[in-house]
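Hello,

Here is the structure for the ligand-site work. Notes on the site follow below it.

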Amino acid sequence: MTQNIVQQKISMVFKSAIDKKSIFKNKRVLDISYIPDNILHRDSELYEISKILSVSLKNERPSNVFVYGPTGTGKTLVVDYVCNELLSVARENKLSVHYVYVNAKLKRIADTEYRLVSHIANELGEHIPFTGLPTDVVYSRFLNKVESLNGVLIIVIDEIDYLVNKIGDRFLYTLTRINQDLYNTKVSIIGISNNLNFTEYLDARVRSSLSEEEVVFSPYNAIQLRDILEDRSKKAFYEGVVENSVINKCAAIAAQENGDARKALDLLRVSAEIAERNNEYKVKEYHVDLAQKKIDYDRFIEVVKTLAQHQKLTLFAVLDLLLSKDVGFKVHTGDVYDKYVSLCNRIKKTPITQRRISDIINELDILGIINAKIKNLGRYGRTREVSLANSKDVYEKIYNLLKNDLYL
Ligand SMILES: Nc1ncnc2c1ncn2[C@@H]1O[C@H](COP(=O)(O)OP(=O)(O)O)[C@@H](O)[C@H]1O
Ligand SMILES: [Mg+2]
């Protein structure tokens with residue numbers, strides 16, 4: 001039987017898909033959610049937290065711990081690791097030690113105090129519906145469940161600053177005082193935060209009880225990041241696929257940007273994805289440059305998408321004024337405002353005041369979306385000189401995105 005040309009081509013496509021070499025031995029190893037076998041360069045933090053929690057094996061209440069440090073410094077990884085180790089030792093010795101992990105960034109878990117408490121109760125096996133009961137009923141069912149554990153309960157609240165921003169610090173007050181209402185169980189809280197300043201906003205009593213102990217995670221340096229990446233890439237890639245210089249480069253870039261291991265891993269993963277997509281079987285330094293651009297670009301677009309409507313209108317006004325001009329061209333707040341008002345008229349939206357638009361321009365500057373330098377005009381007051389902060393092709397994409405989004 002003779003195949004026609006199209007059929008021959010199709011069978012070639014499938015055959016070459018099978019023959020195509022993959023550069024990944026196990027891509028999952030580079031996922032953010034992957035838990036590595038080795039935790040490198042965190043011995044003292046692992047040790048410190050283990051020591052604090054170890055008293056639970058003697059049925060004593062561990063001190064509450066406040067863990068903080070910038071993103072990607074291994075806080076979640078280390079705390080989760082220590083708690084799981086503790087649980088397995090407790091199990092071996094038939095001791096009643098329990099651990100609940102809450103990620104406060106996950107919306108449905110922690111957008112109200114009710115949801116938070118019912119989530120923790122559910123994790124402990126006490127099924128409380130996610131809505132509908134009076135809060136005091138939820139609390140008392142939660143309390144009864146905790147009491148029935150008859151041992152030590154460790155509650156980890158990750159990204160705790162988000163939670164406090166959203167629902168205030170009353171829940172923390174309640175949780176850190178819960179031991180007063182308990183006889184058989186002791187509760188200890190571990191709060192994890194990327195934001196160092198957030199405790200300033202806490203009630204003084206809450207702050208001092210949350211920070212009975214503090215463990216600080218510092219940024220990784222380039223050498224530490226290189227070790228972390230090397231360890232991971234041995235499992236993720238076939239041998240010889242990733243050059244040492246690539247790992248060094250990812251480590252160096254991430255070390256410069258806040259010593260973030262997540263960023264380093266992202267860079268390596270995206271570099272390899274770009275190489276693979278281009279049918280290249282070696283990851284090279286220029287792939288890292290491309291990856292860096294892609295990651296920055298994606299983040300930029302993401303930030304723009306989450307802006308409020310008047311922020312978007314203001315940004316659109318700026319782009320409308322600047323995109324047709326040479327790079328480095330600047331406009332003043334007044335020009336932006338006039339353009340903004342005309343855009344509002346076009347879509348029949350009531351404009352807000354120039355003062356507010358000036359604030360928005362400042363916000364866009366803080367977000368790194370545009371540059372806005374204050375300029376003194378002597379007795380004519382002050383204005384901002386607005387210019388572009390990124391390359392034009394990025395702004396052109398944003399311009400079109402906003403145009404659709406705002407029906408302009
Ligand atoms: N010391 C380390 N060894 C191995 N991998 C690490 C280490 N520190 C962080 N990572 C990895 O980097 C990513 C970010 O770590 P994470 O614990 O989530 O940071 P944080 O909670 O401080 O933001 C995770 O994928 C984690 O597995
Ligand atoms: Mg974390």
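The shell around ligand 1 splits into 11 nonpolar, 6 polar and 4 charged residues (Ala, Val, Leu, Ile, Met, Phe, Trp, Tyr, Cys and Pro count as nonpolar, Asp, Glu, Lys and Arg as charged, the others, Gly among them, as polar). Domain 1 (26-32 + 220-303) and domain 2 (43-216) each supply at least three residues of this shell; the bounds come from an automatic or database domain assignment.

This is a predicted model: local features need pLDDT of at least 70, side-chain atom pairs pLDDT 80 or more, while totals for chains, interfaces and linings use all residues. Residues are numbered from 1 along each chain as written, chains are lettered from A and ligands numbered from 1 in written order, and side-chain values use heavy atoms, without hydrogens and water.

Polar contacts (N or O pairs within 3.5 Å):
- Leu40: backbone N or O, 2.7 Å from a ligand 1 nitrogen.
- Gly72: backbone N or O, 2.7 Å from a ligand 1 oxygen.
- Tyr220: side-chain N or O, 2.7 Å from a ligand 1 nitrogen.

The protein buries 96% of the 560 Å² that ligand 1 exposes when taken alone (Shrake-Rupley method, 1.4 Å probe).

Regards

Definitions and conventions:
A polar contact is a pair of N or O atoms within 3.5 Å; within protein, one must be able to donate a hydrogen and the other to accept it, and residues adjacent in sequence count only if both atoms are side-chain atoms.
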